[in-house]
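Student: I would like to learn how to read strands, voids and ring pairs in a model. Can we take them in turn?

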Amino acid sequence: MPVPRRSRLVLAATLLFPLLPLAGCTVAADPVQAPAGGDRQRHSAGPTPAPTGDDRQRQPAGAGREGAAAAKAAPGPPAPATRPVIPGLGPATRARIPKDSRQAVVVRGDGRDASTSTATLYELDPVTGWTAVSDPWPAHNAAKGWTDHHLQGDLRSPIGVYGLTDAGGLLPDPGARLPYEQGHGFTVTGNGSLGEPLEGSFDYVVAINYNRRPGVTPLDWTRPWGDERGGGIWIHVDHDGPTQGCVSLERDRMRELLRWLDPEKKPVVVMGDVLSLSR
């Protein structure tokens, strides 16, 4: 029996009505199609209708792929500029400077077997990197130069990077920020290798943490690596001649150094001949 025309229209509407919500969910679930921000508020009254067949045909072919390729090819933020490093130090030497150190005394020997050198003070700024804050100061090191394996009595200064944590001297504290011990234990007599008097050489000293316990007086003679590896390596007042293993600076420079070293900046000394430091 034929279905009346009115019944056919009712039947078609009944079949179409459940499909409308399905089309709206499909659009909302598509991350490319879903509106963002204020667009979500403007469309909250009801689901966005799916594009019709004609609309789909009018979309340019490959538009999604081109958009993804453009996004992939878009340049990212520029790479941060490399901060300045301490000149003359090679990668192996720089790697030995602790990450939290922001002060460095760099002692550059004139040659592997030379007893003359220079000392320059550097500070680390978080933005501008390492910057020299002094001119090169004249200095002396051990009579026979430098070594990678210092031994007691070899008359060579140890190459490396060592902490600076303790100071002292025969004379009163000139304003040091490091712990400073004054005492008669810093009295020295006799003559150096060139016949020059040693008196006054220990008026001001900064202990170099080579084979010693940090955090104690420079006069503590504990040798964690054993006595054969030497010790008592200091930065002290220059006596116009080579040392036995220490680094020496002019008296005024020693006073300036003591006032500059800041324990909160974890100061170190970087010391060795120019060629060794470039490794």
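Tutor: Start with strand pairing. In this predicted model, strands S1 and S2 (residues 116–125) pair in the antiparallel sense over 7 bridges. S1 and S2 form a hairpin, with 6 residues between them.

Student: Which residue in S2 is the bridge partner of Val-105?

Tutor: The partner of Val-105 is Leu-121.

Student: In what sense do S1 and S13 pair, and over how many bridges?

Tutor: S1 and S13 (residues 268–273) pair in the parallel sense, over 6 bridges. Within S13, Asp-273 is the bridge partner of Gly-109.

Student: Now the voids. How many cavities of 30 Å³ or more does a search of the whole structure find?

Tutor: A cavity is a space where the probe fits but cannot get out, whereas a pocket is open. The search finds 1 cavity of 30 Å³ or more. The largest cavity has a volume of about 40 Å³. Its lining includes Ile-208, Tyr-210, Arg-212, Trp-221 and Trp-234. By class, that lining has 6 nonpolar, 1 polar and 3 charged residues.

Student: What is the volume of the largest pocket, and which residues lie nearest its centre?

Tutor: The largest pocket holds about 530 Å³ of space. Of its 26 lining residues, Phe-202, Thr-243, Gln-244, Gly-245 and Cys-246 lie nearest the centre. The lining of the largest pocket comprises 10 nonpolar, 15 polar and 1 charged residues.

Student: And the second largest pocket: what is its volume, and how do its lining residues divide by class?

Tutor: Its volume is about 310 Å³. The second largest pocket is lined by 14 residues, and Arg-83, Arg-94, Ile-97, Lys-99 and Trp-130 are the closest to its centre. Helix H6 (91–95) and strand S3 (129–132) each supply at least two residues of this lining. By class, the residues divide into 9 nonpolar, 2 polar and 3 charged.

Student: How is a pair of aromatic rings described?

Tutor: The description uses the distance of the centres and the angle of the planes. The structure holds 5 aromatic pairs. One of them joins Phe-202 and Trp-234, edge-to-face, at 4.9 Å centre to centre with 75° between the planes. This pair links distant parts of the chain, 32 residues apart: Phe-202 is in the loop between strands S9 (180–182) and S10 (205–207), and Trp-234 is in strand S11 (residues 234–237). Trp-234 is buried, with a relative accessible area of 5%.

Student: Why does the pair of Tyr-210 and Trp-225 count as edge-to-face?

Tutor: Planes over 60 degrees apart count as edge-to-face. The planes of Tyr-210 and Trp-225 are at 90°, with ring centres 5.1 Å apart, so the pair is edge-to-face. Both residues lie in the loop between S10 and S11, so the pair ties together parts that are 15 residues apart in sequence.

Student: Which residues do ring pairs link into a cluster?

Tutor: The cluster consists of Phe-186, Phe-202, Trp-221 and Trp-234.

How values were computed: Residues are numbered from 1 along each chain as its sequence is written. This is a predicted model: local features need pLDDT of at least 70, side-chain atom pairs count only at pLDDT 80 or more; totals for chains, interfaces and linings use all residues. Side-chain values use heavy atoms; hydrogens and water are left out. Two strands pair if DSSP finds at least two bridges between them. Helices (H or I, at least four residues) and strands (E, at least two) are DSSP runs, numbered from the N terminus. On a 1 Å grid over the protein atoms alone, a cavity is a set of points where a 1.4 Å probe fits but cannot get out, and a pocket is an open set with protein on both sides within 12 Å along at least five of seven lines; lining residues have an atom within 4 Å of a point. Grid points are joined across faces, edges and corners, and a volume is the space filled by probe spheres set on the points. Ala, Val, Leu, Ile, Met, Phe, Trp, Tyr, Cys and Pro count as nonpolar, Asp, Glu, Lys and Arg as charged, and the others, Gly among them, as polar. Rings of Phe, Tyr and Trp (its six-membered ring) pair if their centres lie within 6.5 Å; planes under 30 degrees apart count as stacked, over 60 as edge-to-face and the rest as tilted. Buried means under 20% relative accessible area, exposed over 50%, partly exposed in between (1.4 Å probe, protein chains only).
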